[in-house]
Each structure stands twice: as C-alpha cells, then as structure tokens.
Amino acid sequence: MRLLKTTNINFLKYSRIAAIISLSFLTISVISVFFVRGLNYGIDFKGGVLVQVRFENPITTAEIRSIFSENNLGDAIIQKSNETNEFIIRLEKPQGSENIREKISEILSKIENNKFEIRKADQVGPKIGKELRKKALLAIISALFVIGVYITIRFQVRYAIGAVVALAHDVLFTLGIFSLTQLEISLSTVAAFLTIVGYSLNDTIVIYDRIRENIRLLKRETLPNVINKSLNDTLSRTIITSFTTFIAVFVLSFAPGEIKVFSIAMICGVMVGTYSSIYIASPVVIYFYNRFKAKKRK
C-alpha cells in the first residue's frame, strides 16, 4: 500500500533547525534526569514486596487496587496472571509491618465473599533494586553496541554512528519525558525502551537500505540529494507504519497499571523514533561523509 504517490520534500533543508530542537530537548532531559527531578523508580528498582495471590471467585484488578488504596497502599502494581483469578501484586513494604504475608492477608480479607490464598510473598531489597538498575542500563548500552556492530558490517561505520546516535537520542528523550512527568520507571518501562530501540532501528534500516540502493542508481547526484530522494521514497511506508503503531499503543494507554506506562513510553518512542530516523540518523551520515572526504583531501 502506498499512501503518497510522489513527494519531493527537501527534508535536509531543515536539519539544522531539527538539530537545535533536538539539542534543546536533550539538554532539558539531561538536566531533569541528573540534576533536578531525577527518575521515579518503581518497586523493581528501589525495593518492595511481591505477592502472588489466588482468589476463589472472579475479581478485577480495579477492585484489588481499590482495597489497597483504602489502606494507603495505592501505588500497588497489580497484574493478572495467566491462571484464573490469580494476581501478582507489587507494592512498597508497608510501614511498621515486619510480617508481610500477615499484613497483606489482613488487607485482602476486607474483600467480601471471596476467599483467597497467598501463594508467595517475597521482599525485594534496595540492594537487589540497585543491581537491577545497573543491569537495565547495561542491557540498553549493550543493545546499542551490538546494533552499531551490526550496521557497520551491513553498511559502513558512518551509518552505524548515525543509527546509534538516533537511538540514544530516542531513549534519552523518552527518559526526559519520564523524568519531567515523574512517571514510574519499572522493568516494563525498560522493556519499552528496548522496544523503542528496535522500532526506531527498523525505520532507520529501511531508509539506509534505500539510500544504498539509490547511491548505486544515482551516481552523479550528491549524497544529500540521494538521501532526500530516499527519505521521500520511504515516506509513505514511514507514515503508515508509524500511524498504525501509534494507534495500537494509544489504545493501550487507556489500560490501567503498567500497560499504561509501557504504552506511554511507546507513544513517545514512536513519535521521536520517526523523527530521528529522518532528522538525526541521515544528517549524521552526511556529517561523517563530509569529514571523511575532507581528511582524504589533506
């Protein structure tokens, strides 16, 4: 399906303006993340309690959340397990309560006409949370490194630099949004960041493929002209893919709990990933191409 038949937009004409906008947003993100607001880590990262409970009769996550909220534990993350009427609940350790199983049991017993069984009640200490933060950061950096190696082998080093810069831009931008809005960072959010990396990379690879193809066909054209043509050639596909993905994650953003946070991260990622494929990855390729040419002339 081709949404737009033929376009001739000079995307690179606006690359300087785009670079200024991106640098401004990234500066705000870095200041917010590291110096002002920081990140709102969830239980996965700062420690807490994980409870697995099975109810005798059907019950919704909203009903469970309501009973926790009434007992001042409104930040509980509740997920329905694959098993019938079974839920996984994550929450901060209740203050003044050493026996977690007993405390949770006391709260859940307030739900009328529904017996339950606590199958598991574990505590996640702050030390484990710190380890998870390190591993999550390592996972994202490792993904960027492996992607850089892959694109270097498939294309050239300057393409790899363009793709990695664009992906780092997308992750840092989304992280800045989470810092400014104080949305919770959980393991699901890290999964969303890795999904953003995959999504943005897919779009960039499609554009790179078309650039490589057009370089062979348009040997007399300059690289900026070839890239502009390639961006126009793939524009229809970019719009359709981004729009359909956006609709899917937008619908999910109305779901409660972690799915909502995951979908918000994905919404940011889809929008910024589409933008960076055009205005970050491609201009970086031109920048390093010109630097390579200048060195060769010396």
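**Figure 1. Glu117 and Arg119 meet in a salt bridge.** The closest N and O atoms of this pair are 3.9 Å apart. A salt bridge here is a side-chain nitrogen of Lys or Arg within 4 Å of a carboxyl oxygen of Asp or Glu. The model you are looking at is predicted, so local features need pLDDT of at least 70 and side-chain atom pairs count only at pLDDT 80 or more, while totals for chains, interfaces and linings use all residues. Residues are numbered from 1 along each chain as its sequence is written, and side-chain values use heavy atoms, with hydrogens and water left out. Glu117 is partly exposed at 44% relative accessibility, and Arg119 is partly exposed too, with a relative accessible area of 39%. For these labels, buried means under 20% relative accessible area, exposed means over 50%, and partly exposed lies in between (1.4 Å probe, protein chains only). The pair also belongs to a network of salt bridges that links Glu86, Glu117 and Arg119. In general, side chains of opposite charge can pair when their charged atoms come close.

**Figure 2. Asp209 and Arg154 join helix 7 to helix 5.** Their side chains form a salt bridge with an N to O distance of 2.7 Å. Asp209 lies in helix 7 and Arg154 in helix 5 (residues 126-154), so this contact ties together parts that are 55 residues apart in sequence. Helices (H or I, at least four residues) and strands (E, at least two) are DSSP runs, numbered from the N terminus. Both partners can be found at partly exposed positions: Asp209 has a relative accessible area of 24%, and Arg154 has 31% relative accessibility.

Figure 3. Is Asp203 buried or exposed? Asp203 counts as buried, at 3% relative accessibility, whereas Arg237 is partly exposed with a relative accessible area of 28%.

**Figure 4. Helix 7 crosses both helix 6 and helix 9.** Two packed helices are described by the angle between their axes and the distance between the axes. Axes are lines fitted to C-alpha atoms, for helices over the stretch in contact, and angles run from 0 to 180 degrees between N-to-C directions. The axes of helix 6 (residues 157-181) and helix 7 (residues 187-217) come within 10 Å and cross at roughly 150°. Helix 6 and helix 7 are therefore roughly antiparallel to each other; angles over 145 degrees get that name, while those under 35 count as roughly parallel, 65 to 115 as roughly perpendicular and the rest as oblique. On the other pairing, the axes of helix 7 and helix 9 come within 11 Å and cross at roughly 165°, so these two are roughly antiparallel as well. The crossing of helix 6 and helix 7 is right-handed, and helix 7 passes helix 9 in a right-handed crossing. A crossing is right-handed if the near helix is turned clockwise from the far one by less than a right angle, and left-handed if anticlockwise.

**Figure 5. Six side chains make a nonpolar surface patch.** Ile239, Phe243, Ile247, Phe250, Val251 and Phe254 together cover about 600 Å². Patches are made of residues with over 30% relative accessible area and no salt bridge, where like charges are joined within 9 Å and nonpolar side chains (Val, Leu, Ile, Met, Phe, Trp, Tyr) within 5 Å. Accessible areas come from the Shrake-Rupley method with a 1.4 Å probe, and for residues only the protein chains shown count as cover. One of the members, Phe250, is found in helix 9 (residues 235-252) and is partly exposed at 37% relative accessible area.

**Figure 6. Asn113 and Gln182 have positive phi values.** Asn113 has a phi of about 55° although it is not a glycine. Look for Asn113 in the loop between helix 4 (100-108) and strand 5 (116-124), where it is exposed with a relative accessible area of 74%. Phi of Gln182 is near 60°. Gln182 lies in the loop between helix 6 and strand 6 (184-185) and is partly exposed at 27%.
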